[in-house]
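These are my notebook entries on one structure, set down in the order in which I looked things up.

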Amino acid sequence: MSALHTKIRARLSTKSKYGIALLIIFGIALALRVWLPYENVFMGDWVNFGGNDPWYHMRLVENLVQHFPHLIAFDPFTLFPYGQDAPFAPFFDLLLGFFIWVIGLGSPTQHTIETVGAYFPAILGALVTIPVYFIGRELFNRNVGLLSAALIAILPGQFLLRSLLGFTDHHIAEVLFSATAALFLILAIKRAKEKETSFSHIRSRDWGNLRKPLIYALLAGLALGIYLISWSGGLLFVFIIFVYMVIQYIIDHLRGKSTDYLCIIGVPMFLIALIIVIPFLNFLTLGGLIIASLTIGMLTLSVLSGISRLMDYGKLRRAYYILVLAGLALAALGIFYAVDPSLLSSMLGKFSIFTPSGAAVTIGEVQPALSITGFFRILYFFTVDIFLALIALGLIIRAQVKDGNAEKTFLVVWSILMLVAMLGQNRFAYYFAVNVALLAGYLCWRILVWSYLREAPPEREEAEKKEPGRPIRGYLSARYPWAVNVAIITGYLSSKIPEWLYFRRALPEGEKGERKEPGRPSIIGARRARVAGVAMMVFLIAILPNIVVAVDVASDTFGPNEAWHSSLVWMRDTDNTPDPFGDPDFYYELYDRPPAGERYDYPESAYGVMNFWDYGHWITRIAHRIPSANPFQAGAVETARFFTVQDESSANEVLDELDSKYVIIDYEMATGKFPAIPIWAGESQWLFFETYRQRTAEGELERIMLYYPEYYRSMCSRLYNFEGEAVVPHNSTLVISYEEKSTFLIGKYKEITSTESFATYEEALEYLESQTAPNYRIVGEDPFISPVPLEELEHYQLVHQSDPEILTRKKVEPISYVKIFEYLP
């Protein structure tokens, strides 16, 4: 009995150590997400939520806690004059609203709402360390689990950004619930394989065999269902699971193994997810597609199992299984197209997430991961761990070819598809972070094992018996020549650490592993020295870079600045702008959805605010006014057209059509964000400006941005840069000539060959018309100094501007960051 107690206590002691270690990792993850951004979020009398979408989540939650548990499905406070269905899946807001409602005892204050809302993503982000640990433990061992949890806690980039204090968006919930679903799926597969679960156990009602696989499958379905009602695009993870199941069916059948367990696990998992999704169809923009996909998933798994069994019964060649599946897939697509071509087209269209195009690529998070900055963006997301993860993925794939481990096959498929998704849209880096942490954690552990962290493998012990005193590096050099060199160097360096670290001291006489030669270190001592060096190397390569970049990411500011906040607070005041509904409390009401195809029935007092789509949620949440466009990109085309039109009458037509009463504009729209505006309007950005190359006195090519007359005549420039006033250029009109060239490093470019400056626009125009060569253009060097004359805008009055703070290149006086104009038809 005492021996049993000792064994139990040893196991409990081991579990408690790993539990404490995981708790510490959770604490570090939470502290990183809360402590560093704290001052950028809690800004005195207001809470600065990050980015754009978090502001709309808080708008929905604010409304929810007034009517809990009723969540609005339609919102008239955005996209005037139409209103819009709330496109967010509901669970994230319901979960956050529930905690706020409970903490506020059914009547939470505004302070409670905003404080709990700010902390919510940081807590969810820290919780991701838990499923990551258990996935690493189940796939490999506890140590890999801890290393993976530690890495996910500090990985920078998209994952950290979307789990920071104040970034109250559903993305971090996606990662938590998808990782949890992956964990339970891995557990279900692993237990089913261990017990060799098959349909015979169902027929015999062998619940002892079925209990654990089914429980884990049901939990996987629960997590998958919650995931699907947390993000409308959740079919991505359903697709990953589906692809894995099909691949695993093929692997098992070709190897002559039973495929029953995949159906026994997969069908209940999809069924539970389906049951969870159905009550929320009214809130899911892709609800019908989700239902169809889960149903197809269940039917497909059943068919795959049936075909496998029939072919085994008929003793057909196993290679025919792939041909049969390919034929059935083509037939199913044909039938599907004949029955409901629109649904099939919609399902296939969702694969566009891998290849975004058009105006969508102007959205920062939608751009491909390798665009603009190339691989440097991926390094910013994962630092050196991306290389470790890819190496580990290659090693696992190599091992899988031989072993065919089912749960590790899932890791491979999951990692590859998430990598492809991230390369298509860089925002999916927050998903891929889990895979990077698991893979890099695995490789780090293997490196430590290779440096003899654990006991020597059996073949090493045999070598010791045959050749006493054989150097450790002899075995390692033969087995792992590429790794041992680094290990020996770092081990030697760390062996010089003073003896009080106990890495090089001789062991007491009789202790295992001691050498008999006096004055020489023991095998175990040398092993520890090598491990210490390699561990330091792992820390410097895999962990320290993450900490450095993560601190930078967590310390940045991502929400509206003080200029935007003060301007929208000004707009909210009814002494400055009228309430669109005549009642400020209408903001907190429940709203009826208009009939399909009809606009919301706004009162006569309602009006819109013309804006760039980026700022729509800020206008809704802070000003309680109705934007003409929002970050769902609704209204983006119409508003972009307003900001790029070249004359006042065309601009007035857009405002009259959208019934807009105010125009709000900022410095970024006139400068850094302007290139996106023409693209949304369906025009080329090169119509308004272009980058040229110019030779310096030293003969080097330098980049220079030049602006065309179309930029200065745009409503964006005339309102923000010149505040609607008339402009007569004086000594600011340039005419350039250029040659089109191309080099291997730069590609195609335009090099300026001459520059002429003119006192008036008329002189420049006369000079331009006298040229016979085509490569001459009138340009401006500064966006705030027009080279062309501009008429005064008659129907726009500047009614508010933030405190002056922006210094431009050639203006002495600072200008305001945000400006608000009233439209006077």
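Where is Pro69 found? I place Pro69 in the loop between helix H3 (53-64) and strand S1 (74-75), where helices (H or I, at least four residues) and strands (E, at least two) are DSSP runs numbered from the N terminus. I note that this is a predicted model, in which local features need pLDDT of at least 70 and side-chain atom pairs count only at pLDDT 80 or more, while totals for chains, interfaces and linings use all residues. Residues are numbered from 1 along each chain as its sequence is written, and side-chain values use heavy atoms, with hydrogens and water left out.

**Backbone entries**

I looked up the peptide bond between Phe68 and Pro69 and found it cis, with omega about 10 degrees. Phe80 and Pro81 are also joined by a cis peptide bond, with omega about 10 degrees, and Pro81 lies in the loop between S1 and strand S2 (84-85). Leu79 is in the loop between S1 and S2, and has a positive phi of about 60 degrees although it is not a glycine. I list Leu79 as buried, since its relative accessibility is 10% (buried means under 20% relative accessible area, exposed over 50%, partly exposed in between, with a 1.4 Å probe and protein chains only). Asn731, another residue other than glycine, has a positive phi near 55 degrees; it sits in the loop between helix H32 (715-721) and strand S7 (733-743), and at a relative accessible area of 47% it is partly exposed.

**Aromatic entries**

For ring pairs I used the rings of Phe, Tyr and Trp (its six-membered ring) with centres within 6.5 Å, counting planes under 30 degrees apart as stacked, over 60 as edge-to-face and the rest as tilted. The count by this rule is 60 aromatic pairs. One of them is Phe382 with Phe432, edge-to-face at 5.7 Å centre to centre and 85 degrees between the planes. Because Phe382 lies in helix H17 (residues 375-382) and Phe432 in helix H20 (residues 429-450), this pair ties together parts that are 50 residues apart in sequence. Phe382 counts as buried at 1% relative accessibility, and Phe432 counts as buried at 2%. I also looked up Tyr767 and Tyr776, whose ring centres are 6.4 Å apart and whose planes meet at 75 degrees, so this pair is edge-to-face; Tyr767 is partly exposed at 24% relative accessibility.

Ring pairs also link a cluster made of Phe74, Phe77, Phe80, Phe581, Phe586, Tyr587, Tyr588, Tyr591, Tyr600 and Tyr602. The charged end of Arg59 sits over the ring of Tyr587, 4.3 Å from its centre (the rule asks for NZ of Lys or CZ of Arg within 6 Å of the ring centre and within 35 degrees of the ring normal). Lys819 lies over the face of Tyr720, 4.5 Å from the ring centre.

**Cysteine entries**

How many disulfides does the structure hold? I found zero disulfides, taking a disulfide as a pair of cysteine sulfur atoms within 2.5 Å. Cys263 counts as buried at 9% relative accessibility, and Cys444 is buried with a relative accessible area of 4%.
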